[in-house]
Amino acid sequence: MVLIISLLLKSESIPLVYLPLVSLFVLAWAPFQINLSNGQISILVTLFVIAGWYYLKSERESLAGIFIALGTMLKFYPGLLIIYLLINKKYKAFLSATIGIGFIFILSYLITNHDLFYFIFNVLPGDIQRCEIVFGNTSFNGFFTQLFLHLQPYGNTIAFIPVVRTGSKP
């Protein structure tokens, strides 16, 4: 975590003298503690995204794209940075991220012996039909499950329940 914070401070030209103070705030932050206790991969994704941002600010666009690609292949949401790269005309970073994602996708397809397409075309539709959803799940599976399920708030809480739509419009 200290590596992530130091890269972020360096990328924003903040003196490293603030590293201990920022580190204490992060270590006391509840989402960080929950990620550690649940064994989530979000800290590694954060490392890849912050490393990509650091290299982007350091004008090393190819390395930035590679790190963004690594983060995107672990969770879906860092892929939104690829749109950012395209809009801001960081074409080297955009190209390296796109090539990196393609390379990782092909490599995982070859290594898993076609199980990747089985997962996409057989497992995901089954999850969607059974309405198995965890609203905080931002994985590849969770993203597509949430995308295809109609959700509405449950009472006066932040919880959501799947809604089965009939032929009438709301």
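What is the handedness of the crossing of helix 4 and helix 5? The crossing of these two helices is left-handed, a term used if the near helix is turned anticlockwise from the far one by less than a right angle, with right-handed used if clockwise. The model is a predicted one, in which local features need pLDDT of at least 70 and side-chain atom pairs count only at pLDDT 80 or more, while totals for chains, interfaces and linings use all residues. Residues are numbered from 1 along each chain as its sequence is written, and side-chain values use heavy atoms, with hydrogens and water left out.

**Overall architecture**

- The protein chain contains nine helices and two strands, where helices (H or I, at least four residues) and strands (E, at least two) are DSSP runs numbered from the N terminus.
- Starting at the N terminus, the order of elements is α-α-α-α-α-α-α-α-α-β-β.
- Of the 170 residues in the protein chain, 27% count as buried; buried means under 20% relative accessible area, exposed over 50%, and partly exposed in between (1.4 Å probe, protein chains only).
- The protein chain has an accessible surface of about 11,400 Å², and carbon and sulfur atoms hold 69% of that surface; the areas come from the Shrake-Rupley method with a 1.4 Å probe, and for residues only the protein chains shown count as cover.
- Among contacts (heavy atoms within 4.5 Å) with a separation of 6 or more in the protein chain, 41% join residues 24 or more positions apart.

**Helix 4 with helix 5**

- Helix 4 and helix 5 pack at about 160°, with their axes 7 Å apart; axes are lines fitted to C-alpha atoms, for helices over the stretch in contact, and angles run from 0 to 180 degrees between N-to-C directions.
- The two helices are therefore roughly antiparallel to each other, given that angles under 35 degrees count as roughly parallel, over 145 as roughly antiparallel, 65 to 115 as roughly perpendicular and the rest as oblique.
- Helix 4 contributes Leu44, Val45, Phe48, Val49, Ala51, Gly52, Tyr55 and Leu56, which meet Glu61, Leu63, Ala64, Phe67, Ile68, Leu70, Gly71 and Leu74 of helix 5.
- By class, the residues of this contact are 13 nonpolar, two polar and one charged; Ala, Val, Leu, Ile, Met, Phe, Trp, Tyr, Cys and Pro count as nonpolar, Asp, Glu, Lys and Arg as charged, and the others, Gly among them, as polar.
- Leu63 of helix 5 (residues 61-74) is partly exposed at 30% relative accessibility, and its C-alpha atom is separated by 8.7 Å from that of Ala51, twelve residues away along the chain.

**Helix 1 with helix 4**

- Helix 1 (residues 2-11) packs on helix 4 (residues 42-57) at an angle of about 25°, with 9 Å between the axes, and the pair is therefore roughly parallel.
- Helix 1 passes helix 4 in a left-handed crossing, and residues including Leu3, Ile4 and Leu7 of helix 1 and Ile43, Leu47 and Trp53 of helix 4 make the contact.
- This contact of helix 1 with helix 4 comprises ten nonpolar, two polar and two charged residues.

**Helix 6 with helix 7**

- The axes of helix 6 (residues 80-87) and helix 7 (residues 91-111) come within 8 Å and cross at roughly 150°, and this crossing is left-handed.

**Loop residues with positive phi**

- Ser13, in the loop between helix 1 and helix 2 (19-28), has a positive phi of about 55° although it is not a glycine, and Ser13 is exposed at 67% relative accessibility.
- Glu59, in the loop between helix 4 and helix 5, likewise is not a glycine but has a positive phi of about 65°, and Glu59 is exposed with a relative accessible area of 58%.
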